[in-house]
Amino acid sequence: MTLNPHLPLVYHPNYSFSFDPKHRFAMSKFANLYAHVKKLGLIGNNLTQPVLGSPEPLELVHCDNYIHDLWNNRLDDKAMRRIGLPWSAQLMARTFTAPQGTLQTARLALKHGIACHLAGGTHHAHFDFGSGYCMVNDLAFTTQTLINSGEVTNVLIFDLDVHQGDGTAAMLAHQPYAYTCSIHCEKNFPFRKSASDLDIGLANHMQDAEYLAIVDDTLSYLLKELNPSLVLYDAGVDIWQEDGLGKLDISWQGIEKRDHLVLKRCLANNTPVATVIGGGYDRDHQRLAKRHGIVIKQAASF
């Protein structure tokens, strides 16, 4: 496979920091992903670093009190338990920078046709609370920002993380120019789902062929019906058969085929596509980084 070394990539060094290596959420995965992508020969002048984040821009889509309480460590224990991550200044720096990274990725995709963020996909964050390792919602923020600025007419959020994109669905429910689609394992977190514009709940242990057919049919239909200005693609790799939180039975090759298929369909439709990495859980942090690297490698193959 010949890879394009000019594929636009977005990353900030603050995405990973010193963190409990035994925690279910592998904070090292962003730095490990960067190292993996660099080893593939894909990092050079094509890498963009987003601006350092702060709470104010996120007021566009989040409750002011929530994000300022989060930033200043004023949330109560119950709210922090729901998020599932221990508060730190470093965590706040990466949490509020990453949405700027997704926004930058989307703008690069609008310019170049395709771009990849080495983070993003925090789809469980809601208007006034965080959940499932997600504190602020980069997908909702990016979508609303681009719609407000007139840079896009409409956006399709195509969420293939194994968990339903409940926060994104709820936050954009009343935005007529955003279309949320979530294809996820039905009997998995979150157990109280929000209504996306289109939800497809999959049975436990679904395998490659059936899964890929659903993804292809759904995306082909949506591209034709919506003709979106942009696709935000949440390429969660927790669909993998050995993922710690997955419950589907998708092979490594199945993930490769899925990502290639999604990108191919978007590009064939002349629809710009921006990718975020979404979820992935693995005690083997190097293997996890390579799994998250699949979508970037596939993007570089075009």
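In which hand does α9 pass α10, left-handed or right-handed? The crossing is right-handed. This comes from a predicted model.

**Helices α9 and α10**

Two packed helices are described by the angle between their axes and the distance between the axes. Here α9 spans residues 252-268. Its axis and that of α10 come within 8 Å. They cross at roughly 30 degrees. Angles under 35 degrees count as roughly parallel, and α9 and α10 are therefore roughly parallel to each other.

Both helices supply residues to the contact, as listed here.

| Helix | Residues in the contact |
|---|---|
| α9 | Trp252, Ile255, Glu256, Asp259, His260, Leu263 |
| α10 | Arg287, Lys290, Arg291, Ile294, Val295, Gln298, Ala299 |

By class, the residues of this contact divide into six nonpolar, five charged and two polar.

**Helix α1**

Which residues of α1 are buried? In this helix, residues 29-39, they are Lys29, Phe30, Asn32, Leu33, His36 and Val37. Why do they lie on the same side of α1? They cover an arc of only 160 degrees around the axis, so they share one side of the helix. Lys38 and Lys39 are exposed on the other side of α1.

Note on methods
Residues numbered from 1 in each chain as written. Predicted model: local features only at pLDDT ≥ 70, side-chain atom pairs only at ≥ 80, totals over all residues. Heavy atoms only, no water. Buried < 20%, exposed > 50% of the residue type's maximum accessible area, 1.4 Å probe, protein only. Helix = DSSP H or I, 4+ residues; strand = E, 2+ residues; numbered from the N terminus. Arc of directions from axis to C-beta. Axes fitted to C-alpha atoms, helices over the stretch in contact; angles between N-to-C directions. Parallel < 35°, antiparallel > 145°, perpendicular 65-115°, else oblique. Left-handed = near helix turned anticlockwise from the far one by under 90°. Contact = heavy atoms within 4.5 Å. Nonpolar A, V, L, I, M, F, W, Y, C, P; charged D, E, K, R; others polar.
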